Amino acid sequence: MKKKITIFGSTGSIGLSTLDIISQHNDKYEIVGLSINNNYEKLLEQVSIFKPKIVSIKDTNSFEKFKNRNTLKNLKILNGSDSFDEILNFETDIVVAAITGSAGLLPVVGAAKRGITIALANKESLVCSGSLVTALAKKNGSMILPVDSEHNAIYQVLDIKNKQNVSKLILTASGGPFLNKITEELEHISPEEAIKHPNWTMGKKISVDSATMMNKGLELIEAHYLFDMPHDKIDIVVHPESIIHSCVEYSDGSILAQMGNPDMRTPISYTLAYPNRIPTRVEKLKLSEIKKLTFYEPDLLKFPCLELAYSSLKIKKSAPTVLNAANEIAVDAFLNKKISFLSIHKIVEKTLNKASISDINSIKDVVEIDTESRSIATEFLTNYRI
Ligand SMILES: NC(=O)c1ccc[n+]([C@@H]2O[C@H](COP(=O)([O-])OP(=O)(O)OC[C@H]3O[C@@H](n4cnc5c(N)ncnc54)[C@H](OP(=O)(O)O)[C@@H]3O)[C@@H](O)[C@H]2O)c1
């Protein structure tokens, strides 16, 4: 029996890597649903190759263009974010959650409610919703398999039955493209420079998050909720080679790490094949060619976003939701050349200071707090010179 896969964000970096694996193993997997924002031309290609039963296109213009050019018979074509639920009504074994930002929350919630296995790339959905998503998944028997390479590495080496023997989770960070720049040099960084990651090819938003190190902050919060570990038992270490993807330290002094070339097809294939493994086109790591691996403490002064994420996690409640929403607004403004690179953390900090921090009891609360935080951050962008 082939596993049925639905991908939310099929035209993005994670979506394309997932489809690459599926094209290599079309005897094991079949595509049921694909969902995108507006890249309808790429979706037309995907539809002709993978022949899904249903697609959804958020942008109405792109939806119309896709409909006019689609030639696949019996394909159900939906428009708008409301269609997430309708896609999930088609039988699916694994949902690959690969939309960027909190826009990806609702498909994750929908899959968790239906007890579907979630290959989770969309870290923002865990960051913004506190423990709601993991609790929902647990209640309905939905397994969350992390795609993020760090969390995937931890998942692979964490002895969950002996969690009392785990002394620390250690998340590795490449340090991004500006690891060796001084703060003054960061003032005039362009979006083009910020999205050039030294080791990974990724979407624009996560690439900027890697450059500010907010990505590692979001991952810290993701790890807290995913593995139910207190914040003081999660460390971050800068490892510029991106060979060790993360580690678990045990009480006896052992550190177990997962290694590999930096290629997202490794963690994605792990989630698709779990609990088995399947071959990928990823180049194998040649240990004898690696001369040395280096590790450093992160510089919280140079990367204040990381410090903001640490403090949000300590506060918890809605603080991570506010942090995430403000960051999405600030990164978008930076990519559109409305603010400087160093203004990103200022928008996030100001929004965190202004927003009221409250308990999160429902997904409705999350959506409301996310919306409110976005308008506070937008107000700072519009009314103040930051
Ligand atoms: N890329 C990586 O290596 C990597 C590694 C770890 C974790 N992640 C996480 O995976 C997620 C995706 O990252 P990515 O790099 O693949 O991003 P990306 O390349 O920007 O792709 C995002 C995908 O989501 C779709 N999308 C965006 N906004 C949407 C919306 N409002 N409604 C419906 N679809 C929407 C896009 O469609 P269009 O193409 O039509 O715009 C695209 O298919 C992020 O949460 C990121 O943090 C990525």
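Reader: What should I know before I start?

Author: This is a predicted model, in which local features need pLDDT of at least 70 and side-chain atom pairs count only at pLDDT 80 or more, while totals for chains, interfaces and linings use all residues. Residues are numbered from 1 along each chain as its sequence is written, and side-chain values use heavy atoms, with hydrogens and water left out.

Reader: How many aromatic pairs does the structure hold?

Author: Rings of Phe, Tyr and Trp (its six-membered ring) pair if their centres lie within 6.5 Å; planes under 30 degrees apart count as stacked, over 60 as edge-to-face and the rest as tilted. Here there are six aromatic pairs. Take phenylalanine 178 and phenylalanine 341: their ring centres are 5.3 Å apart and their planes sit at 85°, so this pair is edge-to-face. Tyr155, Tyr270 and Tyr274 make up one aromatic cluster.

Reader: Where do phenylalanine 178 and phenylalanine 341 lie?

Author: Helices (H or I, at least four residues) and strands (E, at least two) are DSSP runs, numbered from the N terminus. Phenylalanine 178 is in the loop between β8 (166-173) and α9 (183-186), and phenylalanine 341 is in the loop between α15 (319-335) and α16 (343-354), so the pair ties together parts 163 residues apart in sequence.

Reader: Is phenylalanine 341 buried or exposed?

Author: Buried means under 20% relative accessible area, exposed over 50%, and partly exposed in between (1.4 Å probe, protein chains only). Phenylalanine 341 is buried, and phenylalanine 178 is too. Contact means heavy atoms within 4.5 Å. Leaving aside neighbours within four places in sequence, phenylalanine 341 is in contact with Phe178, Leu186, Glu187, Ile189, Ala194, Ala211, Thr212 and Phe334.

Reader: Which residues touch the most other members of the largest nonpolar core?

Author: A nonpolar core is a set of buried Ala, Val, Leu, Ile, Met, Phe, Trp, Tyr and Cys residues joined through side-chain atoms within 4.5 Å. The largest one has 82 residues, and Leu169, Leu323 and Phe341 touch the most other members. Helix α15 gives the most to this core, with nine residues. Another core, of 33 residues, lies apart from it, and Ile5, Ile57, Ile94 and Ile278 are among its members.

Reader: Which residues come nearest to the ligand?

Author: A residue is near a molecule if one of its heavy atoms lies within 4 Å of it. There are 24 residues around the ligand, and Thr11, Asn38, Asn39, Glu124 and Gly203 come nearest. A side-chain N or O atom of threonine 11 is 2.6 Å from a ligand oxygen, and a backbone N or O atom of glycine 12 is 3.0 Å from a ligand oxygen.

Reader: What does the side chain of serine 102 make a polar contact with?

Author: A polar contact is a pair of N or O atoms within 3.5 Å; within protein, one must be able to donate a hydrogen and the other to accept it, and residues adjacent in sequence count only if both atoms are side-chain atoms. The side chain of serine 102 makes one with the side chain of aspartate 370, at 3.1 Å. Serine 102 is found in the loop between β5 (94-97) and α5, and is buried, with a relative accessible area of 12%.

Reader: How many residues of helix α5 are buried?

Author: Seven of the nine residues of α5 (residues 105-113) are buried, so this helix is largely enclosed by the rest of the structure. Just after α5, glycine 115 takes a positive phi of about 70°.
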